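Colleague: Could you show me how to read the site features of this model?
Modeller: Happy to; let's look at it together.

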Amino acid sequence: MTKYIVQGGHPLFGEVEISGAKNAAVAIIPAALLVDGVCRIENIPQISDVTLSLKILEHLGAGIRVINRHTVEIDASRIRSTRTSYELARKMRASYYLIGSLLGRFGQAEVAMPGGCNFGVRPIDQHVKGFTALGAKVMVEGGFINASTETGRLKGANIYLDVVSVGATMNIMMAAVRAEGNTVIENAAKEPHIVDLANFLNSMGANIRGAGTDTIKIQGVDRLRGGSYAIIPDQIEAGTYMAAVAATGGQILVKNIIPKHMDCITAKLVEMGVEVEEREDTLLVRRSGPLQKANVKTMPYPGFPTDMQPQITTVLCLAEGTSLVTESVWNNRYRYVDELKRMGASIQVDDKTAVVEGVDHLTGAPIQACDLRAGAALVIAALAAKGESEISCVQYIERGYEDIVTKLQGLGASIRTVEVPGESEELEAHIG
Ligand SMILES: CC(=O)N[C@H]1[C@@H](OP(=O)(O)OP(=O)(O)OC[C@H]2O[C@@H](n3ccc(=O)[nH]c3=O)[C@H](O)[C@@H]2O)O[C@H](CO)[C@@H](O)[C@@H]1O
Ligand SMILES: C=C(OP(=O)(O)O)C(=O)O
């Protein structure tokens, strides 16, 4: 098993380059199944969720050509099957996008029930509502979601989402792109990766308008042609490095970001006493004085992202006074709190609210990641803590952070990986 060993208590200084967005990449890769020609996708992050997504496509018969570390070409013109590998697809949440893409292209899909980080119930009823409105029959059988149409082609429809769902918005968009006629998705999610998926599909010949607002209009087209597309930078990866320097102190330049996407995170850090200077596609982030308490409530974009909640809670552990964190997207996203308590944090969780009493410092400890962002939060805590921490179950972290150890070393952090022989590798790499 791989572990991270961190000697904490040192400020971070230097520059860090942000990779392509995980939650855009894991949608755009399956969306390539909708395209008849070759899609060249650039700025792909080197993370295990991407490796898994590409393996799933390869297993379906897509040609995958790796051009370099961050560029692949996907040729889905000779897909052999519309049934995904159970073992591969069940390991990640984003495998649900294969339902929309296979259904949109072939009128049928058989996809294993998705995995992903475990922070409570993760229903897909809104995805199913959308596919059904587009004319598909959807059933769950033997661990698979089976979706099919009688005619082989979906029909455009008006769909009002009962909850704002990133996954349902993107999945319905994929299904509708080659449907007959027009589709309108109302109460759609507005995250940057939704706009990115729409831009990718439009660049391949789709006709999608309104992505990034709560009404998305899709005019079905007969086919999508190949092309080239570069994925946006990862808002959450950038926010995680900003949170890291907020916790440790120091000054870092976060490169290759879209500042607008960072506003919801920047505003909260500034409220806490962090200085953030915006320049074109970089942010200079500095923390020299004490951290102030703040209240944080997670919300769909443009609100404060739930995928930054564990990281910001960790920073608040070191702020003066009492902060309140409210998780309003997921019903159980505080599993990491017990690990922070091992390091001396003072946090009381009551249902969706965490009351965080700032402490003077954290101390290093053996700690275990329980999911992707929880793992990132523990890395931040370990970097800020006095003494040594040993972080296990880092495979969760590597689902979503490219080269995190090397990037942090580049900022002067004392962090290294160790292989610990004899310890179980049984833990599933992807199911948090
Ligand atoms: C691969 C990916 O992009 N994952 C992200 C995606 O997850 P995911 O797409 O799974 O999250 P959703 O936006 O769909 O979920 C938001 C809320 O809607 C509820 N819901 C969702 C779907 C549904 O059919 N029914 C329903 O009730 C969920 O229980 C949750 O309370 O968006 C989340 C919210 O920003 C992020 O935390 C995840 O990192
Ligand atoms: C929860 C996340 O991912 P997933 O939905 O893939 O589990 C995340 O990116 O924080």
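Modeller: UniProt positions are given in the numbering used here, feature names are shortened, and annotations may be inferred rather than shown by experiment. This is a predicted model: local features need pLDDT of at least 70, side-chain atom pairs count only at pLDDT 80 or more, and totals for chains, interfaces and linings use all residues. Residues are numbered from 1 along each chain as its sequence is written, and ligands are numbered from 1 in the order in which they are written.

Colleague: Which residues does the "binding site" annotation cover?
Modeller: According to the unreviewed UniProt entry, Lys 22 and Asn 23.

Colleague: Is Lys 22 buried or exposed?
Modeller: A residue is buried if 20 or more other C-beta atoms, placed from the backbone, lie within 10 Å of its own, exposed if 12 or fewer, and partly exposed in between. Lys 22 is buried because it has 26 such neighbours; Asn 23, with 25, is buried as well.

Colleague: And what comes nearest to ligand 1?
Modeller: "Near" means that a residue's C-beta atom, placed from the backbone, lies within 6 Å of the molecule. Of the 20 residues around ligand 1, the nearest are Asn 23, Gln 126, Ser 165, Val 166 and Gly 167. H1, helix H5 (125-133) and helix H6 (166-176) each give two or more residues to this shell.

Methods. Helices (H or I, at least four residues) and strands (E, at least two) are DSSP runs, numbered from the N terminus.
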